Amino acid sequence: MKLSRRSVLASAAAVAASAAPAQAAPPGGGRRLRTGFERLADDGYALLDGRRVGIVTNPTGVTRDVRHIVDVLHADPRVDLRAVFGPEHGFRGTAQAGGSEGRYDDPATGLPVYDTYLKSGQPLADVFTASGVDTVVFDIQDVGARFYTYIWTLYDCMEAAALAGKRFVVLDRPNPVTGRAALGPVLHPEFATFVGREPIAQAHGMTVAELARLFNGEFLSTPVPLETVTMTGWKRTEFFDASGLPWVPPSPNMPTADTALVYSGTCLFEGTNLSEGRGTTRPFELLGADGLDGRWAEAANALELPGVRFREAYFAPTFSKFQGRTIGGVQIHVHDRAAFDPVRTGIGLLVTAKRVWSGFAWRSDNWIDKLTGSTRVRTAIDAGAGPDEVVAGWQDELAAFRRVRERYLLYR
């Protein structure tokens, strides 16, 4: 009898599953979060039965025992997996920010891997058509910020699937920084880019399945045939460490769930001449520049922002801004996650950095406007506004977005 690699893998997976010890019940009265993929598998992949499947994913698409779902699906004879679609940083996550892995055949499975990065509309629809799939599945761990590009990969893939006549399935995962509330400014349409296609809040407070419903219901001119596989056992108030899931860095500069906690605020420093901590072991938690000193931490602490303290810090980035140079700045220490507001904190840090350091400057391309979604934050800070005044400027638009958002929430 001739054995294919696929059948060998399927047999091995079945043996491993039967031999695995029973897992202890989780804390919290036995409640256990199950991701969209876990629920899809529990149902024997019935949603994919008879379909030619392609999957948009990256290194975060893993099972609880850290097997990649592409390997799992490829080994299972119940699923006809035909293609993989890689986002920014690539399917296997080898590319830095602003890069991807291109088109190649995956060495582990032999599956064709197509590059979606910076493709949208008809060109991306043509990729889906060329792949031969009829169903596109999305499973990527998001971090809850408007300018994290995976949610716009989701948007672009939904739009392209509609153009190509494909069915779209989203497998849900938790928002690692909770889904309690939307925070921050709302994007103005004239500032739409790949770090913000549509008018949502800077910290959206939604899961990817909820966002997919929002995109389909509010923004896509032609809605895609959409199915979402929800989680069970997730509460909107929970941070990632309550999930029991392994943290896999969604991108090279998102090493921990602590990074995600601050990212929706401190990523704004990408729009300045300060380092946002790339090239350190604590990106987006370490911020600084040549010429900054302990006065910044002192000024930031004086704001008495809830849930956070700032430590005077010195570091030498190994790449990106100030590569190889020792610079001064702050490290962010969140001591009360429930009280912490990442966007207000990011604004407070921008305001105080500009006040204590004469070298402060925005990037010459006004990238800060793309990140915040309008000119409002930049011009207010330049005019001398304090954090409370800056934050007050977006409250009406945020309230309107929250009302729209409420219609698409799947969890309570």
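Q: Which residues does Arg 378 touch, not counting residues up to four places away in sequence?
A: This is a predicted model, in which local features need pLDDT of at least 70 and side-chain atom pairs count only at pLDDT 80 or more, while totals for chains, interfaces and linings use all residues. Residues are numbered from 1 along each chain as its sequence is written, and side-chain values use heavy atoms, with hydrogens and water left out. Arg 378 is found in helix 11 (residues 376–382), helices (H or I, at least four residues) and strands (E, at least two) being DSSP runs numbered from the N terminus. Taking contact to mean heavy atoms within 4.5 Å, and not counting residues up to four places away in sequence, Arg 378 touches Trp 362, Asn 366, Ile 368 and Asp 369.

Q: Why does Arg 378 count as buried?
A: Relative accessible area, taken with a 1.4 Å probe and protein chains only, is called buried under 20%, exposed over 50% and partly exposed in between. Arg 378 counts as buried because its relative accessibility is 15%.

Q: What covers the buried residues of helix 6?
A: In helix 6 (residues 208–219) the buried residues are Val 208, Ala 209, Glu 210, Leu 211, Ala 212, Leu 214, Phe 215 and Asn 216. The elements that cover them include strand 5, helix 5, strand 6 (167–171), strand 9 and helix 13 (395–406).

Q: Which are the edge strands of the open sheet of 7 strands?
A: Two strands pair if DSSP finds at least two bridges between them, and in this open sheet the 7 strands follow the order 3-4-2-1-5-6-9 with mixed pairing. The edge strands, each pairing on one side only, are strand 3 (104–105) and strand 9 (226–229).

Q: In strand 12, which residue is the bridge partner of Phe 310?
A: Strand 12 (residues 327–334) is mostly covered, with 6 of its 8 residues buried. It pairs in the antiparallel sense with strand 10 (residues 286–289) over 4 bridges, and also in the antiparallel sense with strand 11 (residues 308–315) over 8 bridges. In strand 12, the bridge partner of Phe 310 is Ile 332.

Q: What volume does the largest cavity have?
A: On a 1 Å grid over the protein atoms alone, a cavity is a set of points where a 1.4 Å probe fits but cannot get out, and lining residues have an atom within 4 Å of a point. The lining of the largest cavity is formed by Thr 60, Val 62, Gln 141, Arg 173, Phe 240, Leu 245, Pro 246, Trp 247 and Val 248. Grid points are joined across faces, edges and corners, and a volume is the space filled by probe spheres set on the points. For the largest cavity this space is about 70 Å³.

Notes
1 Å grid on protein atoms, 1.4 Å probe; cavity = no way out; pocket = protein on both sides within 12 Å on 5 of 7 lines; lining within 4 Å.
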